[in-house]
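Please open the model in a viewer and keep a selection panel at hand.

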Amino acid sequence: MREFIAHEFRFLLWCLCGGGMLGAVYRVLTVFRKLVRHNGFFVAVEDVFYWFMSAFLMFAGILVAKDGAARWFSISGIVAGVGIGSCIFK
């Protein structure tokens, strides 16, 4: 039982770190947008690319770690990590 809980806790930490990296990457993307001005079409293309890549990476991580079973704490860990990463790199 302890081993199972330790594995779940490590998975939660992985979700927090992954979400933090997603938040940091998006913050870098917004800084890039301020430095290099471009029109709405390219902003939309960047956003679509970012969201597809982040969804793919998070799904791949969940697939490898938990055989694709997205638990409530994994989703909330990713969301919390994005919030923390965005706040740190503000």
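Begin with the cysteine sulfurs: the structure holds 0 disulfides, a disulfide being a pair of cysteine sulfur atoms within 2.5 Å. The model is a predicted one, in which local features need pLDDT of at least 70 and side-chain atom pairs count only at pLDDT 80 or more, while totals for chains, interfaces and linings use all residues. Residues are numbered from 1 along each chain as its sequence is written, and side-chain values use heavy atoms, with hydrogens and water left out.

**Stop 1: Cys 15 and Cys 17**

Select Cys 15 and Cys 17. The closest cysteine sulfur to that of Cys 15 is in Cys 17, and because the separation is 9.5 Å, it is too far for a bond. Cys 15 counts as buried, at 0% relative accessibility; buried means under 20% relative accessible area, exposed over 50%, and partly exposed in between (1.4 Å probe, protein chains only).

**Stop 2: helix 1**

Next, select residues 2-35, which form helix 1. Helices here are DSSP runs (H or I, at least four residues), numbered from the N terminus. Helix 1 has 34 residues, which should span 50 Å at 1.5 Å a residue; its end C-alpha atoms are 49 Å apart, in agreement. The expected span is 1.5 Å times one less than the number of residues.

Colour the buried residues of helix 1, among them Glu 8, Gly 18, Gly 19, Gly 20, Ala 24 and Arg 33. Helix 2 and helix 3 are included in what covers the buried residues of helix 1.

**Stop 3: helix 2**

Select residues 40-66 for helix 2. From first C-alpha to last, this helix of 27 residues reaches 38 Å, close to the 39 Å expected at 1.5 Å a residue. Its buried residues are Glu 46, Asp 47, Tyr 50, Ser 54, Met 58, Gly 61, Ile 62 and Lys 66, and they pack against helix 1 and helix 3.

- Glu 46 counts as buried, at 17% relative accessibility. Setting aside neighbours within four places in sequence, Glu 46 is in contact (heavy atoms within 4.5 Å) with Leu 29, Phe 32, Arg 33 and His 38.
- Tyr 50, with the neighbours within four places in sequence again left aside, is in contact with Leu 22, Gly 23, Val 25, Tyr 26 and Leu 29.
- Met 53 is partly exposed, with a relative accessible area of 35%. Its C-alpha atom is separated by 13 Å from that of Gly 23, 30 residues apart along the chain.

Then step past the end of the helix: Asp 67 follows helix 2 and has a positive phi, near 55 degrees.

**Stop 4: the pairing of helix 1 and helix 2**

Display helix 1 and helix 2 together. How far apart are their axes, and at what angle do they pack? The axes are 11 Å apart and the angle is about 170 degrees. Axes are lines fitted to C-alpha atoms, for helices over the stretch in contact, and angles run from 0 to 180 degrees between N-to-C directions. Helix 1 is therefore roughly antiparallel to helix 2, a label given to angles over 145 degrees.

**Stop 5: helix 3**

Select residues 72-88, helix 3. The 17 residues should span 24 Å at 1.5 Å a residue, and the end C-alpha atoms are 24 Å apart, which agrees. Phe 73, Ser 74, Gly 77, Ile 78, Gly 81, Gly 85 and Ser 86 are buried in this helix; the buried residues of helix 3 pack against helix 1 and helix 2.

Centre on Gly 77, which counts as buried at 3% relative accessibility. Residues up to four places away in sequence not being counted, Gly 77 touches Leu 12, Cys 15 and Leu 16. Move on to Ile 84, also in helix 3, which is partly exposed with a relative accessible area of 48%.

**Stop 6: the largest nonpolar core**

Finally, select Phe 11, Cys 15, Leu 22, Leu 29, Tyr 50, Met 58, Ile 62, Phe 73 and Ile 78, the 9 residues of the largest nonpolar core. Such a core is a set of buried Ala, Val, Leu, Ile, Met, Phe, Trp, Tyr and Cys residues joined through side-chain atoms within 4.5 Å. Helix 1, helix 2 and helix 3 each give two or more residues to this core, and helix 1 supplies the largest share, 4 residues.

Key
Parallel < 35°, antiparallel > 145°, perpendicular 65-115°, else oblique.
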